[in-house]
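My notes follow the order in which I looked things up.

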Amino acid sequence: MTTPAVPVLPLRPELADEVPYGAPQLDVPVLLNVNENPFAPSEEVVATIAASVAEAARGLNRYPDRDFPGLRQDLADFLAVESGVRLDPSQVWAANGSNEVMLHLLQAFGGPGRTAVSFAPTYSMYPEYARDTHTRWVTGRRAEDFTIDPAAAVALIEAERPSVVLLASPNNPTGTALPRETLEAVLDAAARVPAVVVVDEAYAEFRREGTPSALDLLADHPHLAVTRTMSKAFAAAGMRLGYLAASTALVDALRVVRLPYHLSAVTQAAARAALAHRDSLLAQVADLRAQRDALVAWLRTQRAGGRALQVAETDANFVLFGTFDDRHAVWQGLLDRGVLIRETGPEGWLRVSVGTPAETRAFQDALTDVIAQEEL
Ligand SMILES: *Cc1c(COP(=O)(O)O)cnc(C)c1O
C-alpha cells in the first residue's frame, strides 16, 4: 500500500467548479460598485463607537450574550421610528450581515428535499445560500419592467411548493420595489403551502414617498420575515450587522440553528453605539434619494448606440441602466477613467451606486466621455 503523493480532497461535487463570490475590489478613486453609503461616520460617531468597544473589551474574557436583548431592543426602537411599526424585541433577530440572517433562514426552513423560490434578475447571493444549505433553487422571471406578475408568482408557488420564497424589495440589481398587492398575493399563496416569505429590505430606507415597507404586514402574517441591514443607508457596511423582523415563533426557529455566540461582544457594542447616533448616520439618506432621482432623470436624457438609454425605476441607492451592445466595454471605459461600477444584471445593463455629489459628477463626466468615444 502506498499513500498517494497528492491527496484528493473529498469536496462536495456541486462545489467543484465554484469560485468564491465577490465584486472586484479595485483601488480606484470613485467606488460606485457595491451600493455603500459614500459618507463615512462623523468623528462624534467614531468616538462613541470607540468608547463602547473599549468597554466591551474589558469583558472579552467572557463569552458574549447569546441572545443580545439590548441590541434587539435598540433595533426594535429604530424600526418603530423608521417605519412606525412597534415590535417586541423577541420579534427581532441579528447576525453578521443580513447575509448571515439569510443563511439562518435557509438552515431553519430550507434543506435537502426542500425548495426556495425567487424571481430573476435578483441578488446573486441567493442561489449560493440555497446551494450551501442543500436547498433546491427555482427562479421565476420578472416582467420586462422588472416587476413580478402576481398571478405568475402565485402559479409558481403552487407548482413548486417551496418552503421559502425570497423577494428583495427594493430588488438588487434592478431597484424595483414590491407593490403591496403583489406581496399580499404571495403571502396568501405561501400560507397555503406553507412557505416562509422573506422580504429582503436591505435598501428600504431609500424607498420613495408612498412605497410601502413589508413591516406593517408582520402583525397578520406569522410566516413573513423582513430582513434589514446596517450596511447600506446606515453607513456601516464594515460593521457586519444585519437583522430581521418576524413573529417570535419564526425568530425562535433561527435561534436553534445559529452558532453559539455568533455575534461578538465587540459587534454588539459597536452596533448599539451606532444606533444611538441613528439620526446622524441616516442624515445623508434624504440627499442620496434626491441625487438618485436626479441621476435617473439625467441618464434618461442620454443616448448610446443611436438610442435613448433605458433606466429602471428605482427605490434604492443605485440605478440600473442600459442597454449597451458591449456593456463590458462601457464598464472598462469607466474604470479607465477612475470610476468603478458594477457589470451585473441582464445582458446589456450596468448598475451604478449613488455616491457623493462629486463622485456622481465624476461618473456622469466619464460616461459622457465613454459614450462619445464608442460612437467615434
Ligand atoms: C447589500 C445587500 C444586502 C446586505 O448584505 P449584508 O450582509 O447585510 O451586508 C442584502 N441583500 C441585498 C439584496 C443586498 O444588495
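Predicted model: local features only at pLDDT ≥ 70, side-chain atom pairs only at ≥ 80, totals over all residues.

I began with Ser231, and found one of its polar side-chain atoms 2.7 Å from an oxygen atom of the ligand. I then turned to Lys232, where a polar side-chain atom lies 3.4 Å from an oxygen atom of the ligand. On the side of Asp200, I noted an N or O atom of the side chain 2.6 Å from a nitrogen atom of the ligand. The protein covers 94% of the 390 Å² of accessible area that the ligand has on its own.

I next listed the shell. The residues around the ligand include Gly97, Ser98, Asn99, Tyr123, Asn172 and Arg240. By class I counted three nonpolar, six polar and three charged residues in this shell. I also checked the site itself: the ligand sits in the largest pocket.

I then went through the backbone. Most peptide bonds are trans, and most residues other than glycine have a negative phi. I recorded a cis bond between Ser169 and Pro170, with omega about -5°; Pro170 is in the loop between strand E5 (164–168) and helix H6 (180–192). A cis bond also runs from Gly322 to Thr323, with omega near -5°, and Thr323 falls in the loop between strand E12 (318–322) and helix H11 (327–336). Asn35 has a positive phi, near 60°, and lies in the loop between strand E1 (30–31) and helix H1 (43–57).

Last, I consulted the record: the unreviewed UniProt entry places "domain: Aminotransferase class I/classII large" at residues 30–365. Over that range I noted 40% helix and 17% strand, with the end C-alpha atoms 12 Å apart.

Terms used
Residues numbered from 1 in each chain as written. Heavy atoms only, no water. UniProt positions renumbered as here; feature names shortened; annotations may be inferred. Helix = DSSP H or I, 4+ residues; strand = E, 2+ residues; numbered from the N terminus. Near = heavy atom within 4 Å. Polar contact = N/O pair within 3.5 Å; in protein donor to acceptor, adjacent residues only side chain to side chain. Areas by Shrake-Rupley, 256 points an atom, 1.4 Å probe, with all protein chains shown as cover. 1 Å grid on protein atoms, 1.4 Å probe; cavity = no way out; pocket = protein on both sides within 12 Å on 5 of 7 lines; lining within 4 Å. Sits in = over half its atoms within 2 Å of the grid points. Nonpolar A, V, L, I, M, F, W, Y, C, P; charged D, E, K, R; others polar.
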